[in-house]
Amino acid sequence: MKKGIFIPSNRTNTEKTLNGLSFNSGAPKLGFVLLLLLYIASFVAVVRTSISAGSSMLFGQAIPYHSLTGAFSSFGSLCIIFLAVFYGKTGYFLSLALILTQFPMILTGMFAQQSFTNIAGFFTNLLTLLAIILLRANMSKVEKYQTRLRNQAVTDQLTGLPNRFACSELMGDLVRRNEKFVIAVLNLNNFKNINSTMGEGTGNALLVEIAARWRDIADRGVSGTLDFVTRQGGDEFALIIRNCDSDENIRKTLTYYEAALRNKLTVEGCDYFLTASIGYAVFPADGGSSDVLLARAYSALAEAKRANAGDSIHRFRDDLPTAEHALETERRIRSALEENRLFFHLQPQYDISHRLRGFEALARIKNPDGSLLSPGEFIPVAEKAGLIDKIDYTVFRDAAGFLGKLIRQTHTDVTLSVNVSVKYLMKNDFLKEVQGILDTCGVPPSQLEVEITESVMIDSVEKALQCIGELKKMGLRIAIDDFGTGYSSLSYLNSFPADTLKVDKAFIDKMNTGEASRQYVAAIISIGHLMGFDVISEGVEEQSQLDTLREIGCDYIQGYVWGRPMPPEAAEELLAAPTH
């Protein structure tokens, strides 16, 4: 297979669908019939008027019928030209046939019947014939150019699949015809890691192979439904499914495409095994327009992503966040930032003997009515809207200011952990802002810990390590947050100048479900200790989890079992308690 092009053995379902879209706006068939009837009528009128000796009075003058012959002949020629122009090859060849059949009759009249009044008609028909031949020759060039432009407009250049525009056009056409269909969005899981580690060339080769597999399924119709696969961009694809009568059939089709990824993909001698998350919406049940349906399919995709190892195929539900909901959430975040309704809570961290180590500062937003906006709701929206850096800075500044006040009052030696997103860390003035916080809050840098996720190593290793190195020079502690859910490269971990490793809650939740899960957490803790890190387990909610973590040597605990997030005043009281 030539790179970037998938060539089917015959005319495929995909090509038929694209051609159907291309000619939707062609001239109507009724016009073809009407032009043919008008031509026949004009031909009959030419014959009748040319032999008629009668006349009609017009404005007081006698108008012979034979004088109208030229007008009817010109009208017939115009019908022939319209047929050739508007109805492609069919109209062209019909026009040729109609006009060529007239020449024997004209020549017979001129030479056999000595009727030389037909000379004008002969030259009119000859010129009409030349006109439609020239028009057709020129239109053939235009059609070839238009076909090339159409292919470029509707085709993804890398994979050869139809693109986002083709998907939108087909959805719009199906909505106009009120035809039931499904729009599914398919996103490859962890594909960014492949591009980062193996290079974009390998990533592109994998996309080409995946596209070929999926297009083959659609073109052969083996899923049992009529499918149209498109590439939306990056590692996202869309699938339009027709001829499906139930949710069971829809899931069966989507599972067929998902299963096509399970067979290994080999590129440059390396084997890859990929998975996909899929969200879908159904017309008309889930939305009445293509834009709404696509947005709701993406909402379902986000839910499938959140499900992680659970069900990878999700249909849109009314209780899922939508694009409109995301816009409203973004508006609330901006309003909270402007009106100082962003604040922080503190979740305590303890050593395994239940001695207070410190607190993690967590962002909270209060709505104008006093209710709280869930962090699980506003943090993803803030990341997409480019507001997460403002949230990080505000929480960092305010929480550090609070700790500075406590230190001046109580001389406490607890540690304050603050989250720093990748976007905030990569800001040009990030280090300057951190230094400004240190200068004004009065907290010793050794009592501040910056939590950074592993994904920072994917976005820009060199700049990330440079920023982290500067933070260490300032005297701050560094924690690797959510360990095990991101890049997890031991080579990068070894060069990561961190002090603390935080085990993600997802592993703690499963830790006691089996020996393998328990050993996995134990291995993470051992790796952390081998590299000289303190290890904190997040999301510890049950006594059984606490007991297991004690047994496998975890250093610190954070979770509901010993402390929920609390307002600063409650944290201050906790510090004042004699047994903290």
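How many helices and strands does the secondary structure of the protein come to? It comes to 23 helices and 18 strands.

## Basis of the model

This is a predicted model: local features need pLDDT of at least 70, side-chain atom pairs count only at pLDDT 80 or more, and totals for chains, interfaces and linings use all residues. Residues are numbered from 1 along each chain as its sequence is written, and side-chain values use heavy atoms, with hydrogens and water left out.

Helices (H or I, at least four residues) and strands (E, at least two) are DSSP runs, numbered from the N terminus. Of the 580 residues in the protein, 45% are buried. Buried means under 20% relative accessible area, exposed over 50%, and partly exposed in between (1.4 Å probe, protein chains only). Contact means heavy atoms within 4.5 Å. Among contacts between residues at least 6 apart in sequence, 68% join residues at least 24 apart.

## The five-stranded sheet

Five strands form an open sheet with mixed pairing, in the order β4-β5-β3-β8-β9. Two strands pair if DSSP finds at least two bridges between them. The edge strands, β4 (226-233) and β9 (313-315), each pair on one side only. From one strand to the next, the twist averages 20 degrees.

Strands β3 (residues 181-188) and β8 (residues 276-283) run antiparallel and are joined by eight bridges. Leu-186 has Ile-278 in β8 as its bridge partner. Helix α10 (residues 247-259) lies across β3, β4, β5 (236-242), β8 and β9. Helix α10 runs at about 150 degrees to β8. Axes are lines fitted to C-alpha atoms, for helices over the stretch in contact, and angles run from 0 to 180 degrees between N-to-C directions.

## Strand β10 and its partners

Strand β10 (residues 342-351) is mostly covered, with nine of its 10 residues buried. Nine bridges pair β10 with strand β11 (residues 356-366) in the antiparallel sense. Pro-348 stands opposite Phe-359 in β11. The two strands form a hairpin with four residues between them. In the turn, His-354 has a positive phi of about 70 degrees.

β10 also pairs with strand β18 (residues 556-557), antiparallel, over two bridges. There, Tyr-556 in β18 is the bridge partner of Asp-351.

## A buried arginine

Arg-364 sits in strand β11. Arg-364 is buried yet has no salt bridge. A salt bridge is a side-chain nitrogen of Lys or Arg within 4 Å of a carboxyl oxygen of Asp or Glu. The nearest side chain of opposite charge, Glu-360, is 8.7 Å away. Lys and Arg count as positive and Asp and Glu as negative; His and the chain ends are not counted. Not counting residues up to four places away in sequence, Arg-364 touches residues including Arg-341, His-345, Phe-378 and Pro-565.

## Nonpolar cores

A nonpolar core is a set of buried Ala, Val, Leu, Ile, Met, Phe, Trp, Tyr and Cys residues joined through side-chain atoms within 4.5 Å. The largest has 71 residues, and those with the most contacts inside it are Phe-396, Val-450 and Leu-549. Helix α14 (residues 388-410) gives the largest share of this core, 10 residues. Apart from it lies another core, of 35 residues, among them Val-229 and Tyr-280.

## Cys-79

Cys-79 is found in helix α3 (residues 69-86). Cys-79 counts as buried because its relative accessibility is 2%. Leaving aside neighbours within four places in sequence, Cys-79 is in contact with Leu-35, Leu-38 and Tyr-39.
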